[in-house]
Amino acid sequence: MTTALLRPAGNRELLGLVGRTPLARITAPLPCPHPGFWAKLEGFGVGGMKARAAVSMLQGAETRGELLPGAPVVESTSGTLGIGLAFAGQALGHPVVLVGDTELEPSMRQLLRSHGARLELVDRPAERGGWQAARLARLRELLSTLPHAYWPDQYNNPDNTAGYASLAAEIAGRLDRVDVLVCSVGTGGHSAGTAAWLRRHWPALRLIGVDSTGSTIFGQPARPRLMRGLGSSIHPRNVAHDRFDEVHWVGPAEAADSCRRLARGNFVSGGWSTGAVALVAAWAARVHPDAVVATVFPDGPHRYLGSVFDDGFNALHGLRTGTPATRPVEISHPRAAEATGWTRCTTVVDPRAGARAGAAHLPHAPRESR
């Protein structure tokens, strides 16, 4: 049975709270010493990093007449965009319905509901496309039952990308130059939007994408993924493959180790995406010691107290075994070997341009001797 949606009154003064997050110098060993890099701390922003994208998508839809006054907004989320949309819905006066899944942490479910979002949870992944495909199937069912409902479609909406111009401008306002930008990749919005804006100022900027092992975004086979917030089981059109100079795949053990090292050594930390980009940014700072390296920490640590920062969770999932890698394994092409841990490739392909048959049976990339 569907409950009636309550329309928030709207409070556009809230929009003035978006952005203006701190930029921190990160020097903690990750896992070994490095010259340091800059990190935009989006977890300190009201509504989180994706409030920028959420506001951009809803305002763009309002301007085009696709989102009517007071109409509901329906979207799929693993959590972070949900917070951003809950914020944007309150500010702009739209009820928000979010489709998540049963892997969503109880604390995140409570937080989303506390901010007035209605939460629908799917209880099993689809055979093809995993949890994302299952959420999207439920989303389409909801669209048929909610009059005038609007689906932002974060994976393919160019307004998602446009929302990160403000993030890039804030970085440029603090740094004299940026030589290397390291971005986690999920929907593709913040990597494409931030890099495009910064390259207008510094055309030679090098963009490094950070993906999750088991993600299909850059041509690897789809596998079950423990990490949420980066990676994908589908192919978002917002991912600008041609703008990346290289891609790194990072596994959950490496990301969790980086998160914990950040918390102990630099105080600021976050979740899976933060740990993954911090690992790669530290590596980039070591490899390019004269370069200005910048990255984005998408959120803070609080959501991950029961996972990344929980000893029992780490032991259960085998995330604290062995010595962390100090450099990635190199592969010549995304289809040359399957990345099961930190892996780097300087050949970046769009898998939608023609996936090779048999890609799901790649040999594993050889593991580095640590």
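The axes of H1 and H2 come within 8 Å of each other and cross at roughly 50 degrees; axes here are lines fitted to C-alpha atoms, for helices over the stretch in contact, with angles from 0 to 180 degrees between N-to-C directions. Helices are DSSP runs of H or I, at least four residues, and strands are E runs of at least two, numbered from the N terminus. That angle makes H1 oblique to H2, because under 35 degrees counts as roughly parallel, over 145 as roughly antiparallel, 65 to 115 as roughly perpendicular and the rest as oblique.

This is a predicted model, with local features needing pLDDT of at least 70, side-chain atom pairs counted only at 80 or more, and totals for chains, interfaces and linings using all residues. Residues are numbered from 1 along each chain as its sequence is written, and side-chain values use heavy atoms, without hydrogens or water.

Contact means heavy atoms within 4.5 Å. On the H1 side the contact includes Ala 54 and Leu 58, and on the H2 side Leu 81 and Leu 85 are among the residues.

How many of the 13 residues of H2 are buried? Twelve, so H2 is largely enclosed by the rest of the structure. Buried is under 20% relative accessible area, exposed over 50%, partly exposed in between, with a 1.4 Å probe and protein chains only. The cover over those buried residues includes H1, strand E3, strand E4 and helix H3.

Leu 85 touches Val 73 and Pro 152, among others, leaving aside residues up to four places away in sequence. Just after H2, Gly 93 has a positive phi of about 80 degrees.
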